Amino acid sequence: MERIPWTQIYAFSALAGLGLYMFTQQVLVLLLAFIPFAVRLWLANYRKRQLDTELLAFLMDLRISLPLQGSLLRALQELARQGKTRPAGIVSRYLEGGFQGDGLELLDRLAQDTAITHLRDLVAWTRAAAEGTMKVDAPLEHALTRLRGEMYTTARENMQRIPTRLTVLVLPALLGPAIVVLLYPMVARLLAAMGGMSWAGGY
């Protein structure tokens, strides 16, 4: 999405909307200028949902694999071998590049390179667990609980915004005919009066 020339798209849509308005004299065509903003917002939200879903799958796989493999490093190696999610694919590239270190260092590198807050928190909690200030299984539970809560909150907020978004989209379509209905009698009387004056003045 970063490679999309949004500035040029904004300028083109604004010019297109203005040109269509000058040609059709329809106010609704000016909404064309706002379409790229809506598309960009939708793409950003979609990308965020997709990343959160992949991260949730990665953390759940890690929670399942950790007891089976016996260590964080072997669990990450197993996830990298399976390669089901994008974070697992990144870990796989680290290992193929000759990574040398333990599981916590590997997880920390993943967190730093992706700049994902949930992974950074997981690293901090894992260090705390290694120092004995947290239970061993607590870091992943905390990370999963927080991520699920954030995803639920985002979904609920999006649901609450639906009526407002529908109103914004429908309002211009409703106002156009409404304005015509309200103003038509006044305009008709004015035109009739002007026509009568011209007719009377013609004699």
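In the predicted model, R81 is found in helix α3. With a relative accessibility of 61%, R81 lies over the 50% cut-off and therefore counts as exposed. The side chain of R81 makes a polar contact with the side chain of E78, at 2.5 Å. Although R81 and S92 are 11 residues apart along the chain, 6.8 Å separates their C-alpha atoms.

Helix α3 covers residues 72–82, and its buried residues are L72, A75, L76, E78, L79 and A80. An α-helix has 3.6 residues a turn, so residues three or four places apart point the same way. After α3 comes G83, a residue with a positive phi, near 60 degrees.

The protein chain as a whole contains seven helices and zero strands. Read from the N terminus, its elements follow the order α-α-α-α-α-α-α. The chain has 203 residues, of which 23% count as buried. When contacts between residues at least 6 apart in sequence are considered, 48% of them join residues at least 24 apart.

In soluble globular proteins, nonpolar side chains tend to be buried together. The largest nonpolar core of the model has 27 residues, and the members that touch the most others are F58, L59 and L119. At least two residues of this core come from each of α2 (35–69), α3, α4 (86–96), α5 (103–114), α6 (117–130) and α7 (138–201). Apart from neighbours within four places in sequence, F58 is in contact with L76, L79, T85, P87, A88, L110 and L119.

The crossing of α5 past α6 is left-handed. On the α5 side, the residues that meet α6 are L104, L107, D108, L110, A111, Q112 and T114. Their counterparts in α6 are L119, R120, L122, V123, T126 and R127.

Technical notes:
Residues numbered from 1 in each chain as written. Predicted model: local features only at pLDDT ≥ 70, side-chain atom pairs only at ≥ 80, totals over all residues. Heavy atoms only, no water. Buried < 20%, exposed > 50% of the residue type's maximum accessible area, 1.4 Å probe, protein only. Helix = DSSP H or I, 4+ residues; strand = E, 2+ residues; numbered from the N terminus. Polar contact = N/O pair within 3.5 Å; in protein donor to acceptor, adjacent residues only side chain to side chain. Core = buried A, V, L, I, M, F, W, Y, C linked by side-chain atoms within 4.5 Å. Contact = heavy atoms within 4.5 Å. Left-handed = near helix turned anticlockwise from the far one by under 90°.
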